[in-house]
Amino acid sequence: MFRNYLKTAFRNLIKSKFYTSINIIGLAVGLATCLLILLYVLDELSYDKYNVKADRIYRVNNEIKFGNNYMDLAVSAALQGSTMAREMPEVEQYTRIRWYGSFLVKKGNENVQEGRVGFADSTLFDVFTLPVIEGNPKTALKEYHSLVITETIAKKYFNSTGVVGKTMLINDTGNYKITAVIKDIPKQSHFNFDFFVPMIENRGSNDDNWLSENWNTYILLKQNADVKQVEAQLNPFMDKHIGPQLKSIINQSLDDFKKSGGFIRANLTPLTAIHLHSNKTAELDGNGNAEFVYIFSAIALLILIIACVNFMNLSTARSSNRAKEVGVRKVLGSLKIGLVGQFLTESFLICFIALVFSILMSWLLLPYFNELAGKDINNTALFHPGMLLWLVVLMLTVGLLAGSYPAFFLSSFQPIDVLKGRLAGGFKRSWLRSSLVVFQFIISIVLIFGTVVIYSQLKYIHNKDIGFDRNQVITVNYSNALGDRASTFKNELLQISGVQDATMSGFLPVNFNRNTNSYFTSTALDPSTGMSMQSWTVDENYVPTLNIKILQGRNFSPQFLTDSTGIIINEAAAKFLGEKDLLNKKLYTMNDINTRVLKEFHIVGIMKNFNFSSLRDVVSPLALFLGKDNGNISVRIHSTDIPGVIAQMKKKWKAISPSQPFDYSFMDEDFNKLYATEQRTGQIFITFAILAIVIACLGLFGLITYAAEQRVKEIGIRKVLGANVANIVSMISRDFLKLIFVASFIAFPLAWWSMNKWLQDFAYRINISWWAFAVAGVITLLIALLTISFQAVKAATANPVNSLRTE
């Protein structure tokens, strides 16, 4: 029986090549889109799951409210993890990781800049699954001047992984002994270092200051431990250790501190939730966004639904072509179940062919998708047994959903009605088919509207006045490698023709070097007057080089010796302080927590706010301090020969330090990298919106073609009676255009709600204007008109003799 179904199905599909092609292409594109997004989603969901003990690992976070300041931190105090392991019976082990930054590694006669270096405790391997190729994980990070390196780094410098015991010269100052070589950390990890240095080399790693949070701390719970019991102990645990220190620093009891609205709390984040569900201050690396995973999953599902709707629409629209076949089969004794089986076989066959094409399309498009989504998914993932099983289930599900309605609809025809010609197969009477067309275009309009809004927001981010001028600025990175010669290099740069100004500071709005401290308006350190503020060390050229506007007061100047304790605050800090005349006002901070020695500063200027984090965040208080920080040198140039200026900069660098690599970047490009995720999201959204429109129009093209075929004699009679091409096109197009207008009416409120919700994540955002609705509507209408008109004009210009000669 099945063999007969299959043979008949092939005959029917070959007989209707045009409609079969539309169905297969639509389903193939839909399935390919689904498949690519599925690979993306699975990759995002797989982060940190390579750890064998992932279900028992949690990161310890701190949450602080101090005065009117609030901080949600991915870091904790230095001794917080070890104390939890000692005092909480549920905790089996702890470990800490902290960014080291970068260092120079000697390779031959050259120094190579390595940027992915981290401090780690010797317990790192007890918590995380980092397979050791060579060395002893128990002792690898216990001694000073030890190094744990990855397999790639070992091969890069030694062409071998058997390098334990060998040394690497770091920063031209000291030899570090390699104590272990580990396999490369998987890309699906929320941290990815090439080098680990022992935590004991970090001077503050044993600091008993519970009010200084700088360490990413992880705990490993014992088997069958209840995480809720651990979380219940956290706040009493924090009160116990913070209370005495709080009293000594601000002369206020913990109870009074809480009554004033302040708190210092701890909470836990499951390891596997960090990548998608954590966006705290001081994350080890840029994380993903669960919202994007949900959005892309929904888009994949909607595009697949559009493809299924096409199949259902074309199958039911062509019901009259199959009606006599159904009538004859029933007269000859076929049961309804047999007819349903026949039509479902056709559906599954189309889905199988579409699936084969979709796998081929996915395989070909995966490299481009990787580039678009910023991923590195291997083609072999398409042929993983689990993926193939999922594809079979998907094929069967789509085949059943897309084929069930046509199967039951066609098999329900009464033979007497069919054979007497009383069954109308026309297009107009199917309210379900009209509803499905409306549904298709609702999805398409929402996606087009979303694309317009996302593009507008990204353009707004790119063009917004962010408070400093990032254009025509070149940043020389890692200038701290020059040591005391960095100032000499900066002065040498100023001699180059085309260099307008230069500043030396590791604190830039476009990097992640940050330093937060608390400041008070009185020596009493009253929490109600406390302000958490970014504290950046800069030179007197920082403000003019970045074109930061001074609103009140002045910039730093070597002529004022008192500027060593002077600060320039931004508008956000000035607003917090709330006074009109803030120039020369004094602020105090704790210089030494143990001796309670205070340091006094005075305000010499107020600058315009500038964005130094994502535009998702409101600009927070920031102060510039005059001092020496040779982390980077930023140069403003005014020249048409930028390559020539860079060449001269490199020449002067090599003259001072021949063995050090010269590394530079453009500040505007560094700024754009901060929004790479949003840029990729916009590009993916645009791509999927185009696919949705293509699939919807493919179905619309099939329907308009069939509608024209059904009315070919009517069109012929109308032309004989004097109707022109415009009249015929209008007649054929009218019903479809009505459906698109209905879809627009429903889609616009949905689109506005969804995109307005997305925009709420940005502190600085566009307002959705009326023209966004107009653009989405016009684009949809034009595409639909183009699709409809092609076939409508073809039908209207056909010779009526050909359609009426049999009458």
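Colleague: Is the crossing of helix 21 and helix 22 left-handed or right-handed?

Modeller: The crossing is right-handed. Bear in mind that this is a predicted model.

Colleague: What angle do helix 21 and helix 22 pack at?

Modeller: About 150 degrees, with the axes 10 Å apart. Helix 21 covers residues 712-720, and helix 22 covers residues 725-759. Angles over 145 degrees count as roughly antiparallel, so helix 21 is roughly antiparallel to helix 22.

Colleague: Which residues make the contact?

Modeller: Helix 21 contributes Glu714, Ile715, Arg718 and Lys719. From helix 22 come Ile728, Met731 and Ile732.

Colleague: And how does that contact split by class?

Modeller: There are 4 nonpolar and 3 charged residues, and no polar ones.

Colleague: New topic. Where is threonine 123 found?

Modeller: In the loop between strand 5 (110-120) and helix 4 (124-127).

Colleague: Is threonine 123 buried or exposed?

Modeller: Buried. Its relative accessible area is 14%, and buried means under 20%.

Colleague: What does threonine 123 touch?

Modeller: Gln93, Tyr94 and Thr95, leaving aside residues up to four places away in sequence.

Colleague: Now the whole chain. How many helices and strands are there?

Modeller: The chain has 24 helices and 23 strands. Of its 807 residues, 51% are buried.

Colleague: What share of the contacts joins residues 24 or more positions apart?

Modeller: 79%, counting contacts with a separation of 6 or more.

Colleague: What does the accessible surface of the chain come to?

Modeller: About 36800 Å². Carbon and sulfur atoms account for 57% of that surface.

Conventions:
Residues are numbered from 1 along each chain as its sequence is written. This is a predicted model: local features need pLDDT of at least 70, side-chain atom pairs count only at pLDDT 80 or more; totals for chains, interfaces and linings use all residues. Side-chain values use heavy atoms; hydrogens and water are left out. Helices (H or I, at least four residues) and strands (E, at least two) are DSSP runs, numbered from the N terminus. Buried means under 20% relative accessible area, exposed over 50%, partly exposed in between (1.4 Å probe, protein chains only). Contact means heavy atoms within 4.5 Å. Accessible areas come from the Shrake-Rupley method with a 1.4 Å probe; for residues, only the protein chains shown count as cover. Axes are lines fitted to C-alpha atoms, for helices over the stretch in contact, and angles run from 0 to 180 degrees between N-to-C directions. Angles under 35 degrees count as roughly parallel, over 145 as roughly antiparallel, 65 to 115 as roughly perpendicular and the rest as oblique. A crossing is left-handed if the near helix is turned anticlockwise from the far one by less than a right angle, and right-handed if clockwise. Ala, Val, Leu, Ile, Met, Phe, Trp, Tyr, Cys and Pro count as nonpolar, Asp, Glu, Lys and Arg as charged, and the others, Gly among them, as polar.
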